[in-house]
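I opened a new notebook page for this protein.

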Amino acid sequence: LFLNFWAASTHSFSILIHVSLIKALKMNLGLGGGERCLVCEKRVYFAELVRRKDKMFHKNCFRCGLCNKRLNSGEETEREEKFYCQNCYKKNFGPHGFRGGTTGGLMGISLQKGQGTLRRVKKEKLPSPLPAKLEESFQEAEAAEERVSFKDLSSEEEVEVVSKLNTTYKFNFLEALQYVKSNYPENRCAKYLTKDLFLSFGPKDQDILYKCCITGIENPDSGLGCYAMTPDDYAHFSTFFDPLIRDYHNASANAIHVTDWDISDVGDNGVLDVADLGLDELSMRVRVGRNLTQFNLPGNMDKGERIEFEKTMLAAFEKLIEDPEYGGEVYSLTPDFGDGEVNPNKISDDEYQELVDAHIMFKNMDDDPYLKSAGIASDWPYGRGCYVSSDKQFIIWFGEEDQLRIMCMKKGTKLNEVFDRLKEGLRVVESIEGVDFATSEKYGYVTSCPSNLGTGMRASVHIKLPNLTRDGTDKKAKKVAKPLGLSVRGTGGEHTPIGADGTVDISPSARLFIKEKDIVKALYDGIQLLMEEENKA
């Protein structure tokens with residue numbers, strides 16, 4: 001009896017010790033979710049835990065205190081109980097950073113992203129004469145710039161100067177917003193952004209929202225007029241973005257985007273052959289925009305982050321090059337990687353132009369006033385280039401409007417061939433370590449421009465419409481195509497002329513709250529209906 005009692009007691013004691021140890025470990029490691037994130041104050045579970053000293057964060061909340069880029073383990077530097085990416089720390093607090101006291105004068109830092117200083121609204125496109133109050137706000141902003149110097153300021157003094165300067169800029173911005181709102185009713189940015197809404201956010205959030213919207217104020221003829229600056233902006237500024245997005249995409253208030261690439265029930269068991277419509281071989285292209293969670297979107301990147309992003313993607317491109325299904329090479333426009341580091345993939349100006357002429361590389365973004373105003377074209381050509389597969393049919397642009405534009409292109413008659421290859425290519429790219437595409441619970445894949453949210457997809461073909469373009473323009477073709485849900489462009493993209501033989505680029509207009517498989521079906525059906533109108537013309 002004694003032995004039985006002793007064994008039972010020992011067993012119970014062991015279980016008690018075991019349970020106590022597990023509880024202690026859970027509390028110590030945050031496994032039980034009892035600890036809370038320092039940023040969002042929500043519970044942190046082990047799978048999403050980042051611990052730094054006695055502080056705990058969700059992985060997505062552990063971000064640079066200046067540029068807001070998500071930090072990976074070992075990348076951060078702590079200063080005064082805040083964490084920074086290495087690029088921002090070096091630039092702001094290092095011996096040569098502007099906060100180190102060696103850089104004086106406003107223009108030395110005013111266009112640097114993530115350093116706290118905004119830039120003044122440019123008024124060149126605002127029709128004169130301007131209202132007296134708006135003109136006065138421009139004069140005050142210009143005068144404030146002339147008075148400012150950051151030379152020999154302490155960090156605390158500089159923060160105060162930046163704050164005052166930004167306040168002046170914001171006053172000017174809000175006056176310009178009201179002017180655009182009154183004179184350009186089609187500008188959705190001005191329609192949905194109000195002074196009260198802007199001021200409802202704290203100063204740091206105001207700075208980001210200012211950057212999101214400045215292109216719509218400087219380009220008042222914009223239909224949208226805004227770009228997101230970080231992957232979280234659509235959620236964080238939902239009171240501004242959500243009604244604007246649903247207006248642009250003609251969506252209900254409770255619509256949620258659903259992703260679906262399965263075209264097995266589309267066309268002839270997944271085959272969409274334009275030869276069945278009496279057409280010969282066409283130039284076909286399907287592309288999507290994608291952005292990585294750990295980086296700012298292009299409008300909020302500085303030169304250092306653009307280079308860092310390119311170097312991050314080089315590891316992914318190397319995996320593709322090693323894969324015999326893809327192979328290929330990288331063509332980069334980045335002059336150098338900084339600190340004397342040579343870019344091994346840099347191409348010459350002539351090589352770049354050859355790629356542009358072959359429709360493989362994108363054009364100089366600095367020529368686009370909308371992208372330039374939004375900061376997306378800044379630091380050109382750093383962080384820009386493309387990966388091209390051996391057969392020249394699978395291409396990834398990096399550093400354009402989105403961090404990545406991934407596409408498949410070929411000549412043929414079966415639309416499903418480019419669609420299916422792109423689907424597989426995306427699967428391969430996203431399976432590579434370090435590639436984590438940003439998504440939204442409401443809007444699907446996150447893109448810089450709200451117009452591309454959801455699928456981020458543009459599926460297009462080049463098709464001859466000599467009858468509908470008989471006058472040398474695409475006006476009649478656009479009129480016919482719009483009710484069919486199709487967009488018409490020139491062969492070189494938006495704002496480019498049509499081909500001399502009447503060739504135009506057509507694609508479905510919808511991107512958001514539509515499935516990927518429905519986009520390629522809409523393209524096939526649209527080609528059929530458009531050709532019927534062409535034959536009638």
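The entries below go from the whole chain to single side chains.

**Entry 1: the whole chain.** I noted at the start that this is a predicted model. I looked up the secondary structure and found 15 helices and 14 strands. The chain has 537 residues, and 50% of them count as buried. I then checked the contacts with a separation of 6 or more, and residues 24 or more positions apart account for 64% of these. For the accessible surface I wrote down about 26000 Å², with 51% of it belonging to carbon and sulfur atoms.

**Entry 2: the nonpolar cores.** Which residues have the most contacts inside the largest nonpolar core? I listed Phe 173, Leu 193, Leu 209, Phe 240 and Met 361, in a core of 69 residues. Helix H4, residues 155–183, gives the largest share of this core, with eight residues.

Entry 3: I went back to Leu 209 and looked up what it touches, leaving out residues up to four places away in sequence. Leu 193 and Phe 240 were already on my page as residues with the most contacts inside the largest core.

**Entry 4: aromatic pairs.** How many aromatic pairs are there? I got 19. I looked at two of them in detail.

- Phe 57 and Phe 62 form a tilted pair, 4.9 Å centre to centre with 45° between the planes. Phe 57 has 5% relative accessibility, so it counts as buried. Phe 62 is buried as well, because its relative accessibility is 2%.
- Phe 437 and Tyr 445 form an edge-to-face pair, 6.5 Å centre to centre with 75° between the planes. Phe 437 counts as buried at 3% relative accessibility. Why does Tyr 445 count as buried? Its relative accessible area is 15%, and the cut-off for buried is under 20%.

I also noted one aromatic cluster, formed by Phe 317, Tyr 326, Tyr 387, Phe 394 and Phe 398.

**Entry 5: charges over rings.** Phe 437 came up again here: Arg 290 lies over its face, at 5.9 Å from the ring centre. I looked up Lys 125 too, and its charged end sits over the ring of Tyr 370, 5.2 Å from the centre of that ring.

Note on methods. Residues are numbered from 1 along each chain as its sequence is written. This is a predicted model: local features need pLDDT of at least 70, side-chain atom pairs count only at pLDDT 80 or more; totals for chains, interfaces and linings use all residues. Side-chain values use heavy atoms; hydrogens and water are left out. A nonpolar core is a set of buried Ala, Val, Leu, Ile, Met, Phe, Trp, Tyr and Cys residues joined through side-chain atoms within 4.5 Å. Buried means under 20% relative accessible area, exposed over 50%, partly exposed in between (1.4 Å probe, protein chains only). Helices (H or I, at least four residues) and strands (E, at least two) are DSSP runs, numbered from the N terminus. Contact means heavy atoms within 4.5 Å. Rings of Phe, Tyr and Trp (its six-membered ring) pair if their centres lie within 6.5 Å; planes under 30 degrees apart count as stacked, over 60 as edge-to-face and the rest as tilted. A charge sits over a ring if NZ of Lys or CZ of Arg is within 6 Å of the ring centre and within 35 degrees of the ring normal. Accessible areas come from the Shrake-Rupley method with a 1.4 Å probe; for residues, only the protein chains shown count as cover.
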